[in-house]
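Here is a short tour of one protein chain. Keep the sequence and the 3D view side by side as you read.

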Amino acid sequence: MKYYFLILFPFLSTLSFSQSNTEVFLFDLEKNNSEIKVSNGINISNNDGYDNQPSFFGDDSVLYASTRNGQTDIAQYHINYKSKTFINFTKGGEYTPLKIPNKNAVSAVRLDPDNKQRLYSYNLSNGESTELIKDLVVAYYTWYDDSSIVSAVIENEQLNLYVSNTTDGTNRKYATSVGRSFHKIPNSNLVSFIYKETDKTWQIRSLNPNNGITRLIANTMEGVEDICWLDGKTLLSGKNGILYKLTLKKDNNWKKIADLSSYGITNITRLAVNDDGTKLLIAADLQSDKEEIETNKTLTENIEASPILSESEAAAVVQKHIGPFNNRQLNDFANAFDANVVVNKFPKDYMYSGRNTLKENYREFFRNNKKSNVKVLNRMVLNNYVVDEELVTLNNLTIRQATIYNVDKDGIKSMTFIRNRKSTSNPETIVNDQLEAYNKRDIDEFTKTYAKDVKLYEFPENITSNGIEELEKRYQVIFQKVPDLNAEIMNRIVLGNKVIDKEKAIINGKTYYAIAIYEVDDGLISKVTFIQ
């Protein structure tokens, strides 16, 4: 699967909105030549639950998706009066609200109780809603003009780019494997989108909706797909609690302009700038209330201090959440997790933290999905880590995924999802070649299995070797000095381009165990992450 979505599963075909403890912030924005100043931030949503996908509605109000009474609806924040109202009352949940150009109306993606997901318009005069695009499952979008929409449409378990005309009902497909961030580029007839086809560095590309021509603009920061335009040359984006900018044809890379962690912000996602570039909207995950969860480094330190459980004990801790999930017993499910649980995408892409936030996410998930089940296909355990290969059934969709759990006797401390990315070749072949060369202590054949820019990590993201030359020097010494060197595979999970092995190694008469996550690109091992 090439795209992540919420909670336990990396892909949900009908619910494509990540639910977490997000809030919406409004900042003053000032640009003076190349300097950008962000100040006077206020939390305008200030609401337990999900508040996300903000946009400006004229000069004096803001739209965003907000949870009330267990349902997500369209909220409107009035800047001058510092007040909030809701502008719709449907039975479904609304997401990504945007003003429709030149009309007194708002559009939003609606997920109805029967799991039908479509894009609707909402008349602000009488509250009536009308389906805008028939037969396409729109996940994310923007308006090009008052009748043209550029959107990400869910097809065959990925997001593809379409241009739709609401007047004549036509839909044209121009790109595959795109992200969720779409923006009209100021002072142009172009729209920007995130292109993910390469499975390496994500790209910001432009689209001319009139003829379908796309061109490269810049690369995103690693793992980041949310951007916005300050003007026709300057992009804004965020990572963790830091705001960055990139000025085209001037900056060689993204440059830090503000640290927003003092607002409690741990992860910036959606961004929007008003027409005159004086206001900035940010949706962001917040640090859990009264909890000292700052980074995964802190988590790792806590993990190292935890007593090592037996394999059966660690497996039993993970197993405690599976039955309640399948039986939709929310309290028992949430209580299987530590109060300070951290949820990530592999290797260290923070999603949210805290049992209360997790519980809120799953409450919304169970409400919107009538059938859900997870079955463990394979399990490997090492110290306090459990890696499960899982078969997930959601309504009529079945997918395969892997999840890394870190546990202690009190529950699941962290949960890291590994995406199932499609591979053009069998990744097992090169990993097996690598193992054979390792056991022969043949450094030439061993290094041939790795990419030139290969990186080795200690989970989650502590780099221990960078590049083929460094790897070769390290293993050359090992091969020369360890005559009894031998490794064998105890268990294996293959997921897309990843091979996850539990390995047993003999080194100087001693036995060691580790879990290795190999990532294969273009037929070579490009990255290895060790859990040990």
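Strand E12 (residues 148-155) pairs with strand E13 (residues 158-165) in the antiparallel sense, over eight bridges. Two strands pair if DSSP finds at least two bridges between them. Strands (E, at least two residues) and helices (H or I, at least four) are DSSP runs, numbered from the N terminus. This is a predicted model, in which local features need pLDDT of at least 70 and side-chain atom pairs count only at pLDDT 80 or more, while totals for chains, interfaces and linings use all residues. Residues are numbered from 1 along each chain as its sequence is written, and side-chain values use heavy atoms, with hydrogens and water left out.

**Two sheets**

E12 and E13 belong to an open sheet of four strands, ordered E11-E12-E13-E14, with antiparallel pairing. Its edge strands, E11 (138-145) and E14 (171-175), each pair on one side only. From one strand to the next, the twist averages 30°. Such angles run from 0 to 180 degrees between N-to-C directions, using axes fitted to C-alpha atoms.

Ser147 sits in the loop between E11 and E12. Is Ser147 buried or exposed? Ser147 is buried, because its relative accessible area is 15%. The cut-offs are under 20% for buried and over 50% for exposed, with partly exposed in between (1.4 Å probe, protein chains only). Leaving out residues up to four places away in sequence, Ser147 touches Ser164, Asn165, Thr166 and Thr167. Contact means heavy atoms within 4.5 Å.

Another open sheet has four strands in the order E3-E4-E5-E6, with antiparallel pairing. Here the edge strands are E3 (51-56) and E6 (83-86), each pairing on one side only. Strands E4 (residues 61-68) and E5 (residues 71-78) pair over eight bridges. Thr67 stands opposite Thr72 in E5.

**A helix with two sides**

Helix H8 (residues 468-481) has 14 residues and spans 20 Å from first C-alpha to last, close to the 20 Å expected at 1.5 Å a residue. That expected span is 1.5 Å times one less than the number of residues. Which residues of H8 are buried? They are Ile468, Leu471, Tyr475 and Phe479. These residues cover an arc of only 60° around the axis, so they lie on the same side of H8. The arc is that of the directions from the helix axis to the C-beta atoms. On the other side, Glu469, Lys473, Gln480 and Lys481 are exposed. The buried residues of H8 pack against several elements, including helix H6 (427-440) and strand E36 (524-531).

**Cores**

In soluble globular proteins, nonpolar side chains tend to be buried together. A nonpolar core is a set of buried Ala, Val, Leu, Ile, Met, Phe, Trp, Tyr and Cys residues joined through side-chain atoms within 4.5 Å. The largest one here has 32 residues, and Phe337 is one of those with the most contacts inside it. Apart from this core lies another of 25 residues, among them Ala437, Ile468, Val499 and Phe530.

**Backbone details in loops**

The peptide bond from Phe346 to Pro347 is cis, with omega near 0°. Another cis bond joins Phe459 and Pro460, with omega about 5°.

Asn187 lies in the loop between E15 (183-184) and E16 (191-195). Asn240 lies in the loop between E20 (234-239) and E21 (242-247).
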